[in-house]
Amino acid sequence: MRTILLVIVAVLLPVAAFAQQASRRDFQTPPDAGKPLPSKPAARANPCASFGPGFVRVEGTDTCVKLGGAVSVGGGYSSGR
């Protein structure tokens, strides 16, 4: 029992030291704070809007697609009679 306790303490000490060191990091200023953001192209009208809501244009093509899906859950029980 005593060896198990010593092993647990030996494992938890480095973990606690790492957590304490991580809490001292400066998360307020990101490393790339001085870099300007890349500019986005001007917003254009959605050419796929005529197909209905949810259609988007595939980058680099004139194709419009709409993705969808569904999730269902089923269950059953048999009493064995």
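Biologist: How many disulfides does the count come to by the distance rule?

Modeller: One disulfide. The rule takes a pair of cysteine sulfur atoms within 2.5 Å. A disulfide is a covalent bond between the sulfur atoms of two cysteines. Here Cys48 and Cys64 form it, with their sulfur atoms 1.9 Å apart. Keep in mind that this is a predicted model, where local features need pLDDT of at least 70, side-chain atom pairs count only at pLDDT 80 or more, and totals for chains, interfaces and linings use all residues. Residues are numbered from 1 along each chain as its sequence is written, and side-chain values use heavy atoms, leaving out hydrogens and water.

Biologist: Why is the disulfide of Cys48 and Cys64 left-handed?

Modeller: The torsion about the S-S bond is about -75 degrees, so the disulfide is left-handed.

Biologist: Which elements does the protein chain have?

Modeller: Helices (H or I, at least four residues) and strands (E, at least two) are DSSP runs, numbered from the N terminus. The protein chain has one helix and two strands, in the order α-β-β from the N terminus on.

Biologist: Is Cys48 buried or exposed?

Modeller: Buried means under 20% relative accessible area, exposed over 50%, partly exposed in between (1.4 Å probe, protein chains only). Cys48 is buried, at 0%. Cys64 is partly exposed, at 21%. Of the 81 residues of the protein chain, 4% count as buried.
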